[in-house]
Amino acid sequence: MAKRVILAVAGAGKTYHICHEIDPTKRNLILAFTHENIYNIQKELCDAHGCVPELTTVSTFDSFVYHQMILPYEPSIADHFGHPKFVGRGICTTDPPAQTIKDSKGKPVANPLYKKKDSLAHYVTTNGQYYCATLSELVLQVKKQRESLIKRVAARLNMFYDCVLIDEFQDFREHDYELIMALAKRLNDVVLVGDYYQHSVSATNNSGKPFKNKNAEVGYDDFVASIIKAGFTVDASTLAKSRRCSIDVCNYVRKKLGIEITSNGDHGGTVNWIDNDPSSVLNDDRIIKLVFKEADKYSFPALNWSYSKGDTVDAACVILTDGLDNLDSDKFNAGKVSPSTLNKLYVAMTRSRGDLYLMKASTFKAIKDSYIAH
């Protein structure tokens, strides 16, 4: 059984690699976290092969779990929870009731609507729709005569697919990640591709394993050790060079953030601090501004650091936050920055295929009001 994790750097071409390296004559299943990821994969497959290969299936992870792991086994799920006549009515994106809520005084109290995980009502609404948020948890829970549902699903997937590939694996957390690991143990050929340093960047799905253990962050080396222990071969060289970022940008990111990223040298581009003449860049709409949050507040074209993940621009200006104003100093210590903020900064600093401009928060605050959109 082949189990591989390919660790990539920003701009290395994760999706490109998956789509160009697959064998189009084999039955491939490609999974990703978001619909935007799926669109990019389909587009890249068309670029590589002229169309999405006939034997290749592309799906969001949630859709895969529902259609491949819930629907075919619904009678077993119904029996497991003691509701043999249950028939689901699709899925919904409504969040299930939280275990605790706050009373009128703001004190946490038990939520009377919450149902325990050994109850079918924990996973479905009162009208029989599956909660999208608990699909993976449901699959992990179900057994039939002490045989896990995962074992049966894996056997079925091995019959229908030659290879399972998962893009942006760092976006999966908690039960989704646990399900992927449990499935991978039984799949004949599975490949996970992702960038450790882009975890905890999206607006959702940022907490819990594998990147957080109780209250502690799981560092790069410990994460790599954990996936090796899980039976994966780790490839940290195939996608170790950025196809997007210049040598200067990669060197600066590596020096300041302590993240091992190098460039393949395809693009030129320099790093420029612009605090002496910020307006020249802010007034240039060809340069995309990257702000920590509330990008839509400004009159210039802007993206939030975290929302820029996956984007490539010709030139970028990263406007720093207060806690990062000493980034230009030799005394800057990336170890004192929270991992979540550091990862978001890494994403922002690696969006440009050309020049990277940096501006201190103190500089921007002095002129900020003149750039508020009206």
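**Notes on the helix packing**

1. Start with helix H9 (residues 247–257) and helix H11 (residues 339–349): their axes come within 11 Å and cross at roughly 170 degrees. That makes H9 roughly antiparallel to H11 (angles over 145 degrees count as roughly antiparallel, under 35 as roughly parallel, 65 to 115 as roughly perpendicular and the rest as oblique). Axes here are lines fitted to C-alpha atoms, for helices over the stretch in contact, with angles from 0 to 180 degrees between N-to-C directions. On the H9 side the contact uses Val249, Tyr252, Val253 and Leu257, and on the H11 side Leu342, Leu345, Tyr346 and Met349 (contact means heavy atoms within 4.5 Å). By class that is 8 nonpolar, no polar and no charged residues (Ala, Val, Leu, Ile, Met, Phe, Trp, Tyr, Cys and Pro count as nonpolar, Asp, Glu, Lys and Arg as charged, and the others, Gly among them, as polar).

2. A word on provenance: this is a predicted model, with local features needing pLDDT of at least 70 and side-chain atom pairs counting only at pLDDT 80 or more, while totals for chains, interfaces and linings use all residues. Residues are numbered from 1 along each chain as its sequence is written, and side-chain values use heavy atoms, leaving out hydrogens and water.

3. Next, helix H3 (residues 61–70) and helix H7 (residues 174–184), whose axes come within 12 Å and cross at roughly 55 degrees. H3 and H7 are therefore oblique to each other. Phe61, Phe64, Val65 and Met69 of H3 touch Asp176, Leu179, Ile180 and Leu183 of H7. This contact of H3 with H7 has 7 nonpolar, no polar and 1 charged residues.

4. Helix H1 (residues 14–21) packs on helix H2 (residues 35–49) at about 45 degrees, axes 9 Å apart, so this pair is oblique too. From H1 come Thr15, Tyr16, Cys19 and His20; from H2, Asn40, Ile41, Glu44, Leu45, Ala48 and His49.

5. Zooming out, the protein chain has 12 helices and 21 strands (DSSP runs numbered from the N terminus: H or I of at least four residues for helices, E of at least two for strands). The C-alpha trace spans about 70 × 60 × 40 Å along its principal axes. Buried residues make up 47% of the 374 (buried means under 20% relative accessible area, exposed over 50%, partly exposed in between, with a 1.4 Å probe and protein chains only). Of the contacts between residues at least 6 apart in sequence, 73% join residues at least 24 apart.
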